[in-house]
Every structure is written in structure tokens, then in C-alpha cells.
Amino acid sequence: MRVPFNRVASRTAVDSARSTLAALTVSVGTVGLAAAAARPGLLALVDQHAAAVRDSLDGDREPLTAATLAGYAEGVRAAALEHGWAAPDGPVDWSRPDWLLTRLLAVCALARSLDRA
């Protein structure tokens, strides 16, 4: 049986997207989402960023996917690195996270909601 090339590419793309989101969750999401659960102000900020991410990805018209979220996160991170942003050397101070970390945390929250759907 021959497998069409586009199916292989799609599976690879989905696996790559899920891998990107899993790495993001390990580096930012797990600790950040726990901090947000304990800090109502941070949770509200993450919710605002998540709404902005949904808007920029047309999430009201098209369902969000792992691929769109991973692509968004990679694009935001790449742009930040080009502009001199550096990842924190140690643990993140979630009482005062920078814009990029909050945005990436919002992507993690949205990715978590995909897993529940």
C-alpha cells in the first residue's frame, strides 16, 4: 500500500508542532501556569495575552491547532531574539514576567486547552 506524500508530511508537521509545544511547556508552561493559578493578576494577564493570540490567529473563525500555536510561538520567539531578547538564565520571576514570557505562557495555556478538547 502506498501512502500519499501529503499524509506523511501532515503527520510530520503535527508531530513537529506537538514537540515544539511540549518543549515550550517544559521550559515555560508548567511552572508559569502553576504560578498563574496562584496569582490572580498573572492569570488575568495570561488570559488577556491568550485572547490576543487567538485574535491574531483568527481563532474565532478557525479552530486553533497545534501547528498554528507552535508556528506563532516560534515566530514570536525568533523576532524577540532578533531584537536582542535573551532567555532567562535561571528561574523566571513570575511576579514580574516580561511581555514575551507572558505571551509564550499564553500559548501554553491555549495548547493545554487543545488537549482538553
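The model is predicted. The chain has 4 helices and 0 strands. From the N terminus on, its elements run α-α-α-α. Of its 117 residues, 32% count as buried. The largest nonpolar core has 30 residues.

**Overall fold**

- The four helices are α1 (5-38), α2 (40-56), α3 (66-82) and α4 (99-116).
- The accessible surface of the chain comes to about 7,500 Å². Carbon and sulfur atoms hold 56% of that surface.

**The nonpolar core**

- In soluble globular proteins, nonpolar side chains tend to be buried together.
- In this chain, the largest nonpolar core counts 30 residues. Those with the most contacts inside this core are L21, L24, L69, W94 and V107.
- Each of α1, α2, α3 and α4 supplies at least two residues of this core.
- The helix that gives the most to this core is α4, with 9 residues.
- W94 is one of the residues with the most contacts inside the core. Leaving out residues up to four places away in sequence, W94 touches V28, V31, G32, A35, R39, L42, L101 and L105.

**Where α2 meets α4**

- The axes of α2 and α4 are 8 Å apart, and the two helices pack at an angle of about 75°.
- Angles of 65 to 115 degrees count as roughly perpendicular, so α2 and α4 are roughly perpendicular to each other.
- On the α2 side, the contact is made by L45, V46, H49, A50, A52, V53 and R54.
- On the α4 side, the partners are W99, T102, R103, L105, A106, V107, A109 and L110.
- By class, this contact of α2 with α4 has 11 nonpolar, 2 polar and 2 charged residues.

**Where α3 meets α4**

- The helices α3 and α4 pack at an angle of about 170°, with their axes 10 Å apart.
- Angles over 145 degrees count as roughly antiparallel, so α3 and α4 are roughly antiparallel to each other.
- From α3 come A66, L69, Y72, A73, V76, R77 and A80.
- From α4 come W99, L100, R103, L104, V107, L110, A111 and L114.
- The residues of this contact of α3 with α4 divide into 13 nonpolar, no polar and 2 charged.

**Buried residues to look at**

- T20 sits in helix α1. Its relative accessibility is 14%, so T20 counts as buried. Setting aside residues up to four places away in sequence, T20 touches A70, E74 and R77.
- T102 sits in helix α4. Its relative accessible area is 2%, so T102 is buried. Beyond its neighbours within four places in sequence, T102 is in contact with L45, V46, H49 and P97. T102 is also one of the α4 residues that meet α2.
- Y72 belongs to helix α3. Y72 has a relative accessible area of 15% and is buried. Not counting residues up to four places away in sequence, Y72 touches V53, S56, L57, R103 and V107.
- Y72 and V53 are 19 residues apart in sequence. In space, they are 8.3 Å apart, C-alpha to C-alpha.

- Q48 lies in helix α2. Exposed means over 50% relative accessible area; Q48 is exposed, with 53%.
- Q48 and A106 are 58 residues apart in sequence. Their C-alpha atoms are 8.3 Å apart in space.
- D93 lies in the loop between α3 and α4. Its relative accessibility is 46%, so D93 counts as partly exposed.
- D93 and A35 are 58 residues apart along the chain. Their C-alpha atoms are separated by 9.5 Å.

Technical notes. Residues are numbered from 1 along each chain as its sequence is written. This is a predicted model: local features need pLDDT of at least 70, side-chain atom pairs count only at pLDDT 80 or more; totals for chains, interfaces and linings use all residues. Side-chain values use heavy atoms; hydrogens and water are left out. A nonpolar core is a set of buried Ala, Val, Leu, Ile, Met, Phe, Trp, Tyr and Cys residues joined through side-chain atoms within 4.5 Å. Buried means under 20% relative accessible area, exposed over 50%, partly exposed in between (1.4 Å probe, protein chains only). Contact means heavy atoms within 4.5 Å. Axes are lines fitted to C-alpha atoms, for helices over the stretch in contact, and angles run from 0 to 180 degrees between N-to-C directions. Angles under 35 degrees count as roughly parallel, over 145 as roughly antiparallel, 65 to 115 as roughly perpendicular and the rest as oblique. Ala, Val, Leu, Ile, Met, Phe, Trp, Tyr, Cys and Pro count as nonpolar, Asp, Glu, Lys and Arg as charged, and the others, Gly among them, as polar. Accessible areas come from the Shrake-Rupley method with a 1.4 Å probe; for residues, only the protein chains shown count as cover.
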